[in-house]
Amino acid sequence: MDMESKNSYKTLAGETKRDIFKELLKYAVLAPSGHNTQPWLFRFTEDDDLYVIADRTRALPVVDPHDRELTISCGAALDHLEVASQANGKALDVDICPNPNDDEVLARVRIGGEFFHDVRDLFDAIHKRRTTRAKFEDRLLPETLAKECAYIAEQNGIELTLISDADSRSAIAELVAEGDRIQFADPRFRRELAAWVHSRRRASQDGMSGSGFGMPDILSPVGALVIRTFDLGNGIAAGDREKILEGSPTLAVFSSPKDTVENWLQTGRALSRVLLALAANGATASYLNPPVELDQLRPRLRDAVGCKGIPQLLMRFGYGPGAEPTVRRSVDQALLGTE
Ligand SMILES: Cc1cc2nc3c(=O)[nH]c(=O)nc-3n(C[C@H](O)[C@H](O)[C@H](O)COP(=O)(O)O)c2cc1C
């Protein structure tokens with residue numbers, strides 16, 4: 001299947017469902033995930049539909065004890081799958097949490113009817129999207145793009161609140177700094193984070209390279225050692241505070257009506273499509289999640305943001321320098337039960 005070609009729909013129609021899904025999965029696995037754990041698995045059903053499955057062996061029990069971010073990450077992979085299919089002219093029928101007795105299967109996906117909207121710009125953005133942790137330029141998103149992002153979230157039942165005023169950003173900066181200090185003071189948090197910081201040359205093809213944090217890839221083990229050993233909370237807090245005040249003209253909060261698996265999946269689907277819309281327009285994003293991850297800070301974040309729903313992700317949107325691509329496991333490593 002030639003995903004670049006406008007005429008690929010014809011090719012797609014001539015292949016088996018499994019072949020089509022295997023091709024689409026190449027794009028699903030490029031989705032973002034917490035600590036780049038890639039906590040997703042896929043399995044074909046007897047009818048050659050596709051199950052999206054939570055891989056809880058890749059959970060982060062300290063920072064994400066309820067697998068909330070794990071589920072958001074799987075939602076993002078699901079949306080990448082949909083974008084790839086839609087760009088090829090085929091909708092996917094998605095049944096989320098299809099089996100109430102099985103909390104591993106997060107979605108059942110069928111190849112559906114024709115899809116008429118042109119989403120090739122989002123599809124092309126799958127390869128461009130990156131998490132950019134550097135400071136952003138002092139430039140707001142154009143209003144049309146900001147509205148498009150809010151609309152995408154709403155289509156998924158998620159509220160997206162964009163924050164640019166200095167007072168709110170300052171209040172949020174204090175919450176992030178407080179969260180950084182609390183998290184880094186906990187040796188279990190540091191050990192868990194350090195376990196996912198490693199060179200991109202590692203066979204596991206997951207985790208975060210030191211290059212994502214401004215050091216050469218080869219020094220990733222040193223970075224991991226430092227994270228594991230020292231409480232860097234004050235330094236990280238000061239850095240994040242400065243980044244928010246001086247390098248983050250727009251903060252963004254995704255919030256959902258409830259705090260359920262369905263809501264987390266929808267947050268992930270919204271996240272993916274918003275990030276792709278940003279990347280398609282030359283913009284980028286990164287995460288500031290401590291005030292969402294810590295129970296004692298989450299209600300205070302909600303107050304500071306003034307959102308109706310429950311905060312699920314706190315992010316920065318804007319224009320930044322390029323970031324290096326991160327590693328991914330292959331489709332075969334994520335696809336269960338195929339020869
Ligand atoms: C649910 C979720 C939570 C994340 N939380 C953080 C975070 O708190 N801090 C951070 O720097 N990156 C965070 N990330 C970004 C991941 O580290 C990133 O997606 C991963 O390393 C892959 O890199 P890429 O997004 O450039 O492809 C998060 C991503 C997801 C999907």
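Author: One definition to begin with: two residues are in contact if their C-beta atoms, placed from the backbone, lie within 7 Å. Note also that this is a predicted model.

Reader: Which residues in α9 does α6 meet?

Author: The α6 side of this contact consists of Arg-169, Ser-170, Ile-172, Ala-173, Val-176, Ala-177, Asp-180, Arg-181 and Phe-184. By class, the residues of the contact of α6 with α9 are nine nonpolar, three polar and five charged.

Reader: Is α6 roughly parallel or antiparallel to α9?

Author: Helix α6 covers residues 166–184 and helix α9 covers residues 233–247. Their axes come within 8 Å and cross at roughly 160°. Angles over 145 degrees count as roughly antiparallel. That makes α6, relative to α9, roughly antiparallel.

Reader: What is the handedness of the crossing of α6 and α9?

Author: The two axes cross at roughly 160°. The crossing of α6 and α9 is right-handed.

Reader: How are α6 and α12 oriented to each other?

Author: Helix α12 spans residues 298–305, and its axis lies 10 Å from that of α6. The packing angle is about 170°. The cut-off for this class is over 145 degrees. The two helices are therefore roughly antiparallel.

Reader: Which residues of α12 does α6 meet?

Author: From α6, the contact uses Ser-168, Ala-171, Ile-172 and Leu-175. The residues of the contact of α6 with α12 divide into five nonpolar, one polar and one charged. The α12 residues are Arg-300, Leu-301 and Ala-304.

Reader: What residue classes make up the contact of α7 with α8?

Author: Helix α7 (residues 187–195) packs on helix α8 (residues 220–229) at about 170°, with axes 7 Å apart. That makes α7 roughly antiparallel to α8. Arg-190, Arg-191, Leu-193 and Ala-194 in α7 meet Ala-224, Ile-227 and Arg-228 in α8. By class, this contact has four nonpolar, no polar and three charged residues.

Reader: How far apart are the C-alpha centres of domain 1 and domain 2?

Author: The protein chain is divided into domain 1, residues 8–132, and domain 2, residues 143–318. Between them, 35 residues of domain 1 are in contact with 29 residues of domain 2. Their C-alpha centres lie apart by 22 Å.

Reader: Which element gives the largest share of the side of domain 1 that touches domain 2?

Author: α3, β4 (105–114) and α4 (120–125) each supply at least two residues of that side. By class, the side divides into 17 nonpolar, ten polar and eight charged residues. The largest share, eleven residues, comes from α3.

Reader: Why does the shell around the ligand lie between domain 1 and domain 2?

Author: The shell draws on both parts of the chain. It lies between them because residues come from both domain 1 and domain 2.

Reader: Which element gives the most to the shell around the ligand?

Author: α3 (68–87) and β7 (284–287) each supply at least two residues of the shell. The shell divides into five nonpolar, nine polar and three charged residues. With four residues, the element that gives the most is α3.

Reader: Which of the 17 residues around the ligand come nearest?

Author: There are 17 residues around the ligand. Those that come nearest are Pro-32, Asn-36, Thr-131, Tyr-287 and Asn-289.

Note on methods. Residues are numbered from 1 along each chain as its sequence is written. This is a predicted model: local features need pLDDT of at least 70, side-chain atom pairs count only at pLDDT 80 or more; totals for chains, interfaces and linings use all residues. A residue is near a molecule or strand if its C-beta atom, placed from the backbone, lies within 6 Å of it. Ala, Val, Leu, Ile, Met, Phe, Trp, Tyr, Cys and Pro count as nonpolar, Asp, Glu, Lys and Arg as charged, and the others, Gly among them, as polar. Domain bounds come from an automatic or database domain assignment. Axes are lines fitted to C-alpha atoms, for helices over the stretch in contact, and angles run from 0 to 180 degrees between N-to-C directions. Angles under 35 degrees count as roughly parallel, over 145 as roughly antiparallel, 65 to 115 as roughly perpendicular and the rest as oblique. A crossing is left-handed if the near helix is turned anticlockwise from the far one by less than a right angle, and right-handed if clockwise.
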